[in-house]
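Reader: Hi! I'm new to this, could you walk me through a structure?
Author: Happy to, let's take a look together.

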Amino acid sequence: MGKTESVGQIESLKSRIGSEEIVRAVRVQSTVRGAIESYLRKEGYVEISPVILSTLTDPLNHPVYDPSITAYNQKLALTKSMIFHKQIAVQAIPGIFIMSPNIRLETEDKASTGRHLYEFTQADVEARGKSMDDMMDLAERMIVFTIEEVRKNNASDLEFFSRRIAVPGRPFRRIRYRDAYERYGSDFERRISEESKEPVWITGIPLEGREFYDLEDPDDPGYLRDMDLLWPEGYQEAISGGEREFKYERILQRIKIKKQEPESFRTILEMSMSGLEPSCGFGIGIERFTRYLCGLKHCADTNLFPRIPGQPGI
Ligand code: ASN
């Protein structure tokens with residue numbers, strides 16, 4: 001790195017440290033983390049440690065650069081999500097969560113969406129034997145509690161950002177993917193989010209729109225038993241989650257439909273051979289939640305040390 005670039009980075013770090021906006025957003029984020037953790041614990045969920053390096057990670061459904069390291073004669077990927085670890089962990093403990101740091105080296109065009117960081121944290125939740133409805137209900141209660149906590153503990157921060165965040169009414173509105181597409185066209189996520197004042201669920205995403213691990217709906221072939229939650233006011237994706245494929249044959253078939261390499265998913269395939277119990281779960285992005293609450297342009301502004309795709313960081 002040239003001297004000028006490094007001086008530039010130090011200057012930008014100093015301006016972040018000195019930014020009241022960022023410091024207040026970090027404070028709100030701290031409440032968000034604490035509220036999610038305490039709510040899930042109260043519901044009986046057990047926090048497990050994050051996995052950062054593994055032979056097994058999320059294939060994702062969109063292109064990212066793929067970092068890995070070699071150690072002890074093994075190729076280890078940096079975690080894109082702990083989806084398979086969650087599925088395995090709930091075989092031992094009925095309900096788990098992780099404040100999970102994820103690395104997704106997004107392409108440079110994602111720098112300006114405001115929603116993408118190449119390192120971020122999701123509260124990743126999974127429960128054995130639960131359905132989509134159970135987990136949507138849990139997510140809604142958890143969000144309502146978190147917003148109440150932020151309103152209580154961060155009133156002056158919300159005032160600084162001129163944000164009046166109402167506690168959303170439950171149950172949140174639900175729209176099936178097909179209906180959303182028909183009514184709003186391909187850009188439905190943005191349009192629904194922009195016109196909404198409260199969070200909205202999108203359910204039943206088509207098979208090709210998601211990774212192989214979400215369960216194909218036996219009553220609606222070609223569509224999944226899964227759900228996304230959208231933040232209102234144009235802030236878009238909050239949650240993604242779903243019930244999981246758990247039978248060996250089905251997982252293998254879904255991997256093949258995606259033209260992915262079964263060998264890369266050997267661990268989950270082998271675990272499913274000896275029988276996996278069904279589970280359902282979701283992940284909620286911490287920076288995106290904070291961005292919505294504070295009304296920020298970019299998730300980067302919730303973090304003292306942000307990782308913006310394509311941009312240098314310290
Ligand atoms: N956390 C998400 C889920 O539970 C998966 C992901 O992050 N891609 O479905």
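Author: One definition to begin: two strands pair if DSSP finds at least two bridges between them. Strands (E, at least two residues) and helices (H or I, at least four residues) are DSSP runs, numbered from the N terminus. This is a predicted model, where local features need pLDDT of at least 70 and side-chain atom pairs count only at pLDDT 80 or more, while totals for chains, interfaces and linings use all residues. Residues are numbered from 1 along each chain as its sequence is written, and side-chain values use heavy atoms, with hydrogens and water left out.

Reader: Thanks! How many bridges join strand S6 to S8?
Author: There are 9 bridges between strand S6 (residues 95–103) and S8, and the two run antiparallel. In S8, Ala 127 is the residue opposite Gly 95.

Reader: And what order do the strands have in the open sheet of 8?
Author: The order is S1-S6-S8-S13-S12-S11-S10-S9, with mixed pairing. At the edges are strand S1 (46–47) and S9, each pairing on one side only.

Reader: What about the open sheet of 3 strands, which order is that?
Author: That one goes S2-S5-S4, with antiparallel pairing. Strand S2 (53–54) and strand S4 (68–71) each have a single partner strand, so one side of each has no neighbour in the sheet. S2 is joined to strand S5 (residues 74–78) by 2 bridges, and Leu 53 faces Leu 78 in S5.

Reader: Switching topic: where does the ligand sit?
Author: In the largest pocket. On a 1 Å grid over the protein atoms alone, a pocket is an open set of points with protein on both sides within 12 Å along at least five of seven lines. A molecule sits in one if more than half of its atoms lie within 2 Å of its grid points.

Reader: Which strands each supply at least two residues of the shell around the ligand?
Author: Strand S8 (119–128), strand S12 (236–243) and strand S13 (279–285). Among the residues around the ligand are Asp 58, Arg 104, Ser 240 and Phe 282; to be near, a residue needs a heavy atom within 4 Å.

Reader: What lies 2.8 Å from a nitrogen atom of the ligand?
Author: A polar side-chain atom of Asp 124. For Tyr 213, a polar side-chain atom is 3.3 Å from a ligand nitrogen atom. Both are polar contacts, meaning pairs of N or O atoms within 3.5 Å.

Reader: Okay, last one: which peptide bond is cis?
Author: The bond from Arg 170 to Pro 171 is cis, with omega near -10°. Pro 171 is in the loop between helix H5 (155–160) and strand S9 (173–176). Also, Leu 60 has a positive phi, near 55°, and is in the loop between S2 and strand S3 (64–65). For background, most residues other than glycine have a negative phi, and most peptide bonds are trans.

Note on methods
A polar contact is a pair of N or O atoms within 3.5 Å; within protein, one must be able to donate a hydrogen and the other to accept it, and residues adjacent in sequence count only if both atoms are side-chain atoms. On a 1 Å grid over the protein atoms alone, a cavity is a set of points where a 1.4 Å probe fits but cannot get out, and a pocket is an open set with protein on both sides within 12 Å along at least five of seven lines; lining residues have an atom within 4 Å of a point.
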